[in-house]
Amino acid sequence: MPMASQEDQDLKMALRESMQQHESPEPKRSKPWENSATGVEPEEPLEVRNRRTQRELMAAAAEKRMASTRSYAPPATKSVEIGKNVQIADMCMEEVKSPVATAVKNVESVDIRGLEGDSKGKGVNFEQIGGISGISDTSLSVLEADELFLMIFGNRVSKDVLAQWSNQGIRFSADPETSMGLVQHEGGPCGVLAAIQAFVLKYLLFFPEESDNVAANMPINLSRRAPNNVSAASDNLSSLSEGKKSRALVRSMNEILFLCGRNERALIASLNILDGDFVGSLNGSDDEIIAKVLGGLSVESGSDLQKVLRVDTFTSQSSALQKLEAMLPIFRSRMGALLFLISALLSRGLDNVQEDRDDPSQPLVTAPFGHASQEIVNLLLSGSAVANVFDGKMDLGGGMFVKGISTTVEVGFLTLLESLNFCKVGQYLKCPRWPIWVVGSESHYTVLFALDTKVQEENELENRETQIRRAFDGQDQSGGGGFISVDGFHQVVREANINLPTEKIEHLCSTGFIVWSEFWQALLDLDKNLGGVKDSTGLMGKKVFDLYHFNGIAKSVVNFSYLYGSESPVQKPRITKLGVSVPPRWTPEEFMADVPVTSGAGGNEFGGEVSKPPPRQHAPLVDCIRTRWPRSVCNWEGDAPSIV
């Protein structure tokens, strides 16, 4: 085809000219680790050289490419309408077996390596999956795939860990009672599933109308408040339709990926082995077809990843929604959790991910058991792969800083490790926009949530405590140990406008450092008019509310097996309702005694008058809850909620 050959020659020339004239406006990828390139020769040197100047190359080639397509369209492609971004054709492609779907506007997609054709099959609309962007079959370079694989798994990953991450789909539980939850069958990817679950609950509970309709042209605001007339959601979570749950899942994945991409882009990773000719010969449901296609797939190296991975980049959220909706059968497959993690990392940018981290030499999936690191969870919750959960940065001296959470988040995080004094969760993660928290233990991630947004509301005195605690934590250089220097203490007193008596200040400073518990006790004795939190009116009452805990890992539940007509235990996730009572915090005697308080002058904010305190029940989850609501008392029915 002379015209096609001439077009390829013209495009090559445009690329060479662009390399000499332009520099990339995007951050560069991080350099591959030393062992990632050992013994690996790049298959396409031109591709590697072009990667850092990707966008400018596309812009430089645009006019020539578009000019030629106006006058001549190859028989194998339809016209492409892509706003400001253009396709770089695969020059190694000899044949295109099936048409590329008509483009969706505002989609940035770079065809780096390309395959021989799109996919088309039964049940699943594989043509739609491959062609929503209007440019099919993009992939990473060998070096990028090596870097990505080593970043996730390191160079000494076991086959068991790889199996865990290659056999976990993103799918809802089939159990009616827990059908709103994502079920986990393999250890390891729970951090990914719990983060997605938290966002899914946000849409199911507080934006149900958006779960009813995923419109391509519906604007998306990633930082909204609930409608003014909505404060409490329905607790009827077992009657949700499959469509409503799927749409909430699509919204959630889309929000997370654009959060990672700073609300500018989302990269969605898929598999290029869904060949249309092969899939078209298979019978069965969408999930069955994909399961057959993935039957022999094994990903044990960056090279394996490079061979099967396809990546599309979106700058339009509505277009990304369409892509994710079309790809739901793939995300439900055994590769779903890993594909979503890869999508989040690429959306953030590999170079940016490494910059976020305190120690980029360590893999994101921790050895030896393959658990998701805190960096993975923070990436999905906040958009940055930082390793710490405190607010802002911590100065270690000598110009060295470690990074924490830098902004308010939609859904938060609590951890058992804080109750053990191993870390300090900052206010950004403790007080998210929505009353939903990922809960971390030593080896697992689960989800805690409330149906009523009022559980997060604070009165005047509680707001005052939050203000003072944030100022104190800003001076705490102990890694969350709860003490500050004398100079830091004076800074907190000035910043928070606290008028402590001179003798009290001297007493607190006598040891050379100030401990939070002693400082807090002094504030309890100081009238609020002087900057303290003493409430002589007694208007501060007890809070009573409900929380729900969801553990997505499928465990044997003997007590409910009769419901299924079977004597054997049933494998199912578990949801537990907890009653929570938070006593008043402003009376020094009660604060020090740590005892439940019967209702008195203050009453309670959520549940009316209470004649006697509820029975105390304890589990590790209660320790997590107390990091958010100190001295809270919890009770539940049946077995204790499990965070492992």
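Predicted model: local features only at pLDDT ≥ 70, side-chain atom pairs only at ≥ 80, totals over all residues.
**View 1. Asp312 and Lys323 pair up across two elements of the chain.** The side chains of these two residues meet in a salt bridge, with N and O 3.0 Å apart. Asp312 sits in strand E2 (residues 309-314), while Lys323 comes from helix H13 (residues 317-326). That puts the partners 11 residues apart, and the pair links distant parts of the chain. Asp312 and Lys323 are both buried.

**View 2. Arg348 meets Asp356 in a salt bridge.** Here the closest N and O atoms are 2.9 Å apart.

**View 3. Lys424 reaches Glu418 through a salt bridge.** The N to O distance between these side chains is 3.3 Å. Lys424 has 16% relative accessibility and counts as buried because the cut-off is under 20%. Glu418, at 8% relative accessibility, counts as buried as well.

**View 4. Lys202, Glu255, Glu410 and Arg433 belong to one network.** What joins these four residues?

To put the views in context, the count for the model comes to 16 salt bridges. Among them are Asp312 with Lys323, Arg348 with Asp356, and Lys424 with Glu418.

How values were computed:
Residues numbered from 1 in each chain as written. Heavy atoms only, no water. Salt bridge = Lys/Arg side-chain N within 4 Å of Asp/Glu carboxyl O. Helix = DSSP H or I, 4+ residues; strand = E, 2+ residues; numbered from the N terminus. Buried < 20%, exposed > 50% of the residue type's maximum accessible area, 1.4 Å probe, protein only.
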